[in-house]
Amino acid sequence: MKTRHAVRALIGILRRETLRTLRQRGRLLSAIIRPLVWLAIFAAGFRSVLGLSITPPYQTYVLYEVYVVPGLAAMMLLFHAMASSLAMVYDREMGSMRLLLTAPLPRWYLLAARMLASVVVGLPLVYLFLLIARYWDVRPPVLGYLAVFPALVLAGLMLGAFGLLVSSISTQMENFAGVMNFVIFPTFFASTALYPIWRLAEAGPVLANIAAWNPFSSAVELIRFTLYLRFDPVSALVVLACLVVFFLAAVVGYDPGRGLWSRRGGEG
Amino acid sequence: MKALSLEGVGHSFGQRRVLDAISFSVAEGAMCILLGRNGAGKTTLFSLATGLYHARSGQIDVFGHSMRTDPAAALAQMGVVFQQQTLDFDLTAAENLRYHASLHGLGASISEARLREELGRLEVLDRRDEPVRSLSGGQRRRVEIARALMHRPRILLLDEPTTGLDVPGRRAIEQHVRALCRERGVAVLWATHFLEEVSADDDLVVLHQGRVRWAGGARHVATSLAVDGLADAFDLLTETA
């Protein structure tokens, strides 16, 4: 693989993802409205009923809005990854995925480029949300906005790799709608995005254990800690390990010799 | 040198055998028609020939490059127009071509020059900045062919490219591709179920129920089978056993 070729392909994939995203205004708007609805309505309601003790990385009592914003930022990445995954299933059904997969580059590289492009396109929306959240007095240190960047990229890549894996085993968009319901909501709710672990433990140890083992919780905590200029090495390692595992599994899923697609065909 | 060579290619989806012991080749600069009824296995054959997935058995080479062991070199020689339209409807014709050019490692200036040349050759240059969604079926097909030619492939694979088009549209596409073959020496593998798209000078491969029933010059098929014409020959070759 020649470097110049690889870079040009990456730029081309990034440009295509950007153009498509910008032209799907409804998707753009809902991507930013969704977390704001959670913040403005859900968090406001919970603020009065949910007391939070001092929970790291916070050094004092915080408003529920402050607690929930990193989780909502991770939720944006999760929804974006799943939307991107849905787009891949759509592309495969509509045929344009074939164009990508018949490019003269290693398939793992093409998949990685597609995943990276999706993350790059999604990040400005997350930053826009973090800035708007200041209106609700969610004001992390200014440097936190810079520090959280690699955490957002890493979390976005892990969720993107997960979406890629889901798309590699989902053969039809109808199936994919079910996958969305069975993946997104359990992943999001059984995590530390909305409540700290100790709160979940009060509801039951099983739920707390699920949340503790849920890689999405690690993504949330990684974002939460770095946004407040702290580093959580365990979360970072879990996210990195999951990224590698999900991506390798997705590469196998799209492998021309071993992938499910090659076994199912359906072309006639 | 053979532009495309298939030797003993077989494939199955689960227990269902869809291709069995397929062997034929396309010579450099030749026009080869892959003729078969719906469900004969043409599209699966295209998926294997373009490396979308690997054949369970057999060998596929493109200009001597194995699709299994050296797919990047094989795909660099190949332009593909799939049966399903693979244009991005949210992008313009030009943006679709630029995307393809980037996947093949072309720089911006070469990409722009070829974009004009290929869209011009296929008479859709005036629609370059319109979203693909607004183009007619025939125009979209032309854009797809122009896109497949952006990286100067030495072989062009087209899977039923005229399906869904009216008769003038089909003729125009066929003429464009034949001109490419004649003037640029591009080898062509054209899959179809329309008998009228076969010319006497073409090489012909008849595929039926996943097997090659005939491979040779189109002008010889009728005499070899002692029937009146191509239509009768095709009926004879594709009689269900």
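Biologist: At what angle do helix α4 (residues 108-121) of chain B and helix α6 (residues 167-184) of chain B pack, and how far apart are their axes?

Modeller: This is a predicted model. In the model α4(B) and α6(B) pack at an angle of about 120 degrees, and their axes lie 11 Å apart.

Biologist: Which residues of α4(B) and α6(B) meet?

Modeller: From α4(B) come E117(B), E118(B) and R121(B), and from α6(B) come H176(B), L180(B), E183(B) and R184(B). By class, this contact has five charged residues, one polar and one nonpolar.

Biologist: What makes E118(B) and R152(B) a salt bridge?

Modeller: The cut-off is 4 Å between a side-chain nitrogen of Lys or Arg and a carboxyl oxygen of Asp or Glu. For E118(B) and R152(B) the closest N and O atoms are 2.8 Å apart, so the pair counts as a salt bridge.

Biologist: Where in chain B do E118(B) and R152(B) lie?

Modeller: E118(B) is in helix α4 of chain B, and R152(B) is in the loop between α5 (137-148) and β7 (155-159), 34 residues apart. Over all chains the structure holds 31 salt bridges.

Biologist: How many salt bridges are there between chain A and chain B?

Modeller: The count is three. One of them joins D88(B) to R20(A). Their closest N and O atoms are 2.9 Å apart, within the 4 Å cut-off, so the pair qualifies.

Biologist: Which helix gives the most to the side of chain A that touches chain B?

Modeller: α1(A) does, with ten residues. By class, that side has 13 nonpolar, eleven polar and twelve charged residues.

Biologist: How many residues are in contact between the two chains, and what area is buried?

Modeller: 36 residues of chain A are in contact with 35 residues of chain B. The two chains bury about 3,200 Å² between them, 58% of it on carbon and sulfur atoms.

Technical notes
Residues numbered from 1 in each chain as written. Chains lettered and ligands numbered in written order. Predicted model: local features only at pLDDT ≥ 70, side-chain atom pairs only at ≥ 80, totals over all residues. Heavy atoms only, no water. Contact = heavy atoms within 4.5 Å. Buried area = accessible area lost by both parts, 1.4 Å probe. Helix = DSSP H or I, 4+ residues; strand = E, 2+ residues; numbered from the N terminus. Nonpolar A, V, L, I, M, F, W, Y, C, P; charged D, E, K, R; others polar. Axes fitted to C-alpha atoms, helices over the stretch in contact; angles between N-to-C directions.
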